[in-house]
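Take a moment with the picture before reading on.

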Amino acid sequence: MAERKLSIAVAGAGLMGRLLAWRLSKVGHQITLFDSGSLEKPAGACQTAAGMISPLSELFHCPLPIYQLGMQSLQHWPHWVRQLEELSGESVDYRQKGSILIAHPQDRSELLQFQQELNAKLGPDNRDQLQWLDNSSLHNLEPELDRFDQGLFLASEADIDNRKLLSALHKALSQSNVQLRENTPVDCGPERIKTDSGDESFDLVIDTRGLGARDQIKGLRGVRGEVVVVETPEVKLNRPVRLLHPRYQLYAVPRANNQTVIGATEIESEDMSPISLRSTMELSSALYSIHPAFAEARVIETRVNCRPATMDNLPVLESEPGLIRINGLFRHGYLLAPALVLRAETEISRLTQATEQVT
Ligand SMILES: Cc1cc2nc3c(=O)[nH]c(=O)nc-3n(C[C@H](O)[C@H](O)[C@H](O)COP(=O)(O)OP(=O)(O)OC[C@H]3O[C@@H](n4cnc5c(N)ncnc54)[C@H](O)[C@@H]3O)c2cc1C
C-alpha cells in the first residue's frame, strides 16, 4: 500500500531541520520549514561546528549508541552528498580520508589509553578500525607531522565543510517545492505551529529548534563551544588531526583555501559572548605545538555557539500523535543527522499507520 503523503511543518532550519526537510520532500511530503532567523546565515550551533563525522574518536567519551548511529550515518553521507551536490551545483567538501590522533612523546600514555579504551568498547571483531602508526606510516599519511613519531589512524572517519553543506541544503530547498519561512519564530504543538500571526495546522509538526526548544525538552541545556579559524599556506594537513593532551584536547580540521578550523572548547555555560582570551591562547598554543609554522598563521575568524545537549548528552527523538521532537545532538550533529533522519522516517510511517488504523 502506498504511504500517505503528509503536510509537515519542520520548526528550526539548523542542520537537522534542513536535512530532514530535504529528505522528506524528496519522498513526496509537503514541507514547510520555519526558522526564527535568516536561512542564508544560520544562527544555530550548525554554523559554528567543525563538521567532523568521527564515530570512533567520539566513542572514547561516549556510549556505544553514538558510535552505532554514527557508523550508520557514514553509510548514507556519501550518496546524500552526491545527490545534494548535483541538485545544488555546490560542492560541500565531504572527505572520507580518516583522521589521525597524535600525542607528544611525553604524553604517549594518552595514545595508549585511547587505544585500550576503544578496543575494549569495540570488542574483538571491530579492532581493525583502529590502526597504530609508526614513524614512517604516520609521515606517509601526514608528512607535516614530523615532530611526532607515533599515532593512531581511524580510517573510516570523515568530515564535511559545515557551512558549504548548509548553503547547498538551502539552495536545494529553494529549488524544491518546500515552503521556506525565515525570520518566523514559532512554538510547536501536535499538528499545530504558532507564529506571531496566529496558529497554522499541519498533519505533523517536527520540532528541530535546538536550544530554541529549551522549555519543551526536560533538561535541555547549552554547552558553550569555541573555535578559531586560521589561514596559512605553510602547513598542509590532509585530514583532521587530534592532539591528545592531559590538559586540553585539540582538533585541527584542514579546509579549502589554506584554512584550518581548530577547536573546540566544551564549557558548561550558555554564554554566547565572544571567545575568551584563555581559550584563544590554549587552542593557538596547542596548534603551534603540532607544527611551528602555525605561528605565522593568520587568525581569520573566531566562532562561539552552544551545543544543544540533554542531561546524559544523548540525542532524543520523542513522538506523540501529530508531533515529533528531535534534539540534544550535542557535539554530534553532523555525526548523527542522517541516522536520525532515517529514524524520523520510520516514526512517521508508524504514526501514519496508527492514524489509519484509528480512522
Ligand atoms: C564549537 C562546536 C563545534 C562542533 N563540532 C561538531 C563536529 O565537528 N561534528 C559534529 O557532528 N557536530 C559538531 N557540533 C555540534 C553540531 O553543531 C550540533 O549538534 C548541531 O548543530 C545541532 O543541530 P540542530 O539542527 O539540532 O540545532 P541547531 O544547529 O542549533 O539549529 C537550530 C535551529 O533552530 C532555529 N530556532 C531556534 N528557535 C526557534 C524558534 N522558536 N522558531 C524557529 N526556529 C528556531 C535556530 O535559528 C537554528 O537555525 C559542534 C558544535 C559546536 C558549538
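## Ground rules

Let's start with a word we'll need a lot: a residue is buried when its relative accessible area is under 20%, exposed when it is over 50%, and partly exposed in between, using a 1.4 Å probe and protein chains only. Asn 183, for instance, is exposed, because its relative accessible area is 53%.

What you see is a predicted model, where local features need pLDDT of at least 70, side-chain atom pairs count only at pLDDT 80 or more, and totals for chains, interfaces and linings use all residues. Residues are numbered from 1 along each chain as its sequence is written, and side-chain values use heavy atoms, with hydrogens and water left out.

## Around the ligand

How many residues surround the ligand? The count is 34, and the closest are Asp 35, Cys 46, Met 52, Phe 330 and Tyr 334. The shell splits into 16 nonpolar, 14 polar and four charged residues. In this scheme Ala, Val, Leu, Ile, Met, Phe, Trp, Tyr, Cys and Pro are nonpolar, Asp, Glu, Lys and Arg are charged, and the others, Gly among them, are polar.

Helix H1 (15–26), strand S13 (221–231), strand S17 (298–309) and helix H8 (333–358) each supply at least two shell residues, and H8 gives the largest share, three. Helices (H or I, at least four residues) and strands (E, at least two) are DSSP runs, numbered from the N terminus. The ligand lies between domain 1 (1–79 + 163–219 + 312–359) and domain 2 (99–155 + 221–309), because both give residues to its shell. Those domain bounds come from an automatic or database domain assignment.

## Backbone atoms that reach the ligand

An oxygen atom of the ligand is 2.9 Å from a backbone N or O atom of Ala 45, and a ligand nitrogen atom is 2.8 Å from a polar backbone atom of Met 52. At Gly 333, a polar backbone atom lies 3.0 Å from an oxygen atom of the ligand. On its own the ligand has 1,000 Å² of accessible area, and the protein covers 94% of that. Such areas come from the Shrake-Rupley method with a 1.4 Å probe.

How many disulfides does the structure hold? The answer is zero. A disulfide would need a pair of cysteine sulfur atoms within 2.5 Å. The sulfur of Cys 46 has its closest cysteine sulfur in Cys 306, 13 Å away, so it is too far for a bond.

Most residues other than glycine have a negative phi, and most peptide bonds are trans. Yet the peptide bond from Gly 263 to Ala 264 is cis, with omega near -20°. Gly 263 belongs to strand S16 (residues 259–263) and is buried at 0% relative accessible area, while Ala 264 is in the loop between S16 and H7.

Two asparagines have a positive phi: Asn 183, near 50°, and Asn 313, near 60°. Asn 183 is in the loop between strand S8 (179–181) and strand S9 (187–189). Asn 313 is in the loop between S17 and strand S18 (316–320), and counts as partly exposed at 26% relative accessibility.

Definitions and conventions. A residue is near a molecule or strand if one of its heavy atoms lies within 4 Å of it. A polar contact is a pair of N or O atoms within 3.5 Å; within protein, one must be able to donate a hydrogen and the other to accept it, and residues adjacent in sequence count only if both atoms are side-chain atoms.
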